[in-house]
Amino acid sequence: MFHGSLPALVTPFQNGELDLECLKKLVDWHVEQGSNGLVPVGTTGESPTLSLREHEIVVEKVVEFAAGRIPVIAGAGANNTAEGIRLIKHAADVGADGALVVTPYYNKPTQRGLIAHFTAMHDACDLPIIIYNIPPRSVIDMTPETMGELAKLPRIIGVKDATAKLDRVALQRMTCGAKFVQLSGEDATAVGFNAMGGVGCISVTANVAPKLCAEMQAACLAGDYAKALTYQDRLMPLHEAVFTEPGLCGVKFAMSELGLCSDEVRLPLMTVTDDTKDKLRAGLRHAGLLN
């Protein structure tokens, strides 16, 4: 079910409030552009600065707007297991197709604690779970051995791997099995990730270039890596520009340049600097998205 290009969907704001009209337009646009699914309220969806109720509203609305046309993997991460259980139960109740659960950040659990946390989330409802392993943000790194233990649970079906270590794909195939769904969480290495055994990317850049990202992923899944590289060559300057500052800030500005949404973000994040804006415009032009 989960493969290809899965945008880590931004949460649009207008004057500090959720812009649900814009959110609907974005969901419809992603369906039209060929995205293979949507991942709302992850880090790119500004989950750290949404209230719990706002988080729930965004999941409810994305599921409603998608209307079964493409799958929705709801962000359900928390460093408080009880809060994570609330989020994953809500996602199941409103009809999400899966949940993305990040390794608990800041409080730095042991590998044993990770197993206990993810087991509790798994047991709370019937949603398939994608583990989100992103050591640069969460501080801790789930080892392939720990992931292999969790993969024995029937509804822990895959990982969003944002380590940028391509050998992890092979190591996780060893511990989790070849059918374990491995999705890249790092746009710049997504083609190489697939060559190692991945099946897609939960992508920031796909917010602004969904068709190109989806076609690149389709080429990878068809085994045509020469074609996939032609897409990545077009996208690479944009990838770099998007992550000059925090990725969601960069991609929201790029989207605003195309008239897709406001570049508004919530503190402590800020809109990007003029130098980064110039890099983003250049990346958009290189990708053929801006004249």
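Which helix does Lys252 lie in? Lys252 lies in helix H11, residues 247-257. The model is predicted, with local features needing pLDDT of at least 70 and side-chain atom pairs counting only at pLDDT 80 or more, while totals for chains, interfaces and linings use all residues. Residues are numbered from 1 along each chain as its sequence is written, and side-chain values use heavy atoms, leaving out hydrogens and water.

**View 1. Lys252 and its surroundings.** Lys252 counts as buried, at 0% relative accessibility (buried is under 20% relative accessible area, exposed over 50% and partly exposed in between, with a 1.4 Å probe and protein chains only). Leaving aside residues up to four places away in sequence, Lys252 touches Val10, Thr11, Pro12, Phe13, Glu46, Cys261, Ser262, Asp263, Glu264 and Val265; contact means heavy atoms within 4.5 Å. The helix named here, like the other helices and strands below, is a DSSP run numbered from the N terminus (helices are H or I with at least four residues, strands E with at least two).

**View 2. The parallel sheet.** Here 7 strands make an open sheet, in the order E1-E9-E8-E7-E6-E5-E4, with parallel pairing (two strands pair if DSSP finds at least two bridges between them). At the edges are strand E1 (4-7) and strand E4 (73-75), each pairing on one side only. From one strand to the next, the twist averages 30°; angles run from 0 to 180 degrees between N-to-C directions, and axes are lines fitted to C-alpha atoms, for helices over the stretch in contact.

View 3. Strand E7 (residues 156-161) and strand E8 (residues 181-184) run parallel and are joined by 4 bridges. Gly158 stands opposite Val181 in E8. Helix H4 (residues 111-124) packs on the sheet, where H4 touches strand E5 (98-102), strand E6 (129-133) and E7. The direction of H4 makes about 160° with that of E5.

**View 4. Helices H3 and H4.** The axes of helix H3 (residues 81-93) and H4 come within 9 Å and cross at roughly 30°. H3 and H4 are therefore roughly parallel to each other (angles under 35 degrees count as roughly parallel, over 145 as roughly antiparallel, 65 to 115 as roughly perpendicular and the rest as oblique). Look for Thr81, Gly84, Ile85, Ile88 and Lys89 on H3, which make the contact with His117, Ala120, Met121 and Ala124 of H4. By class, the residues of this contact of H3 with H4 are 5 nonpolar, 3 polar and 1 charged (Ala, Val, Leu, Ile, Met, Phe, Trp, Tyr, Cys and Pro count as nonpolar, Asp, Glu, Lys and Arg as charged, and the others, Gly among them, as polar).

**View 5. Helices H9 and H10.** Helix H9 (residues 210-221) and helix H10 (residues 225-242) pack at an angle of about 155°, with axes 7 Å apart. That makes H9 roughly antiparallel to H10. The contact of H9 with H10 has 9 nonpolar, 1 polar and 3 charged residues.

View 6. Asn15 has a positive phi of about 55° although it is not a glycine, and Asn15 is exposed, with a relative accessible area of 66%. Tyr106, in the loop between E5 and H4, has a positive phi near 75° and counts as exposed at 73% relative accessibility. A cis peptide bond joins Leu267 and Pro268, with omega about 15°; Pro268 is in the loop between H11 and helix H12 (274-286).
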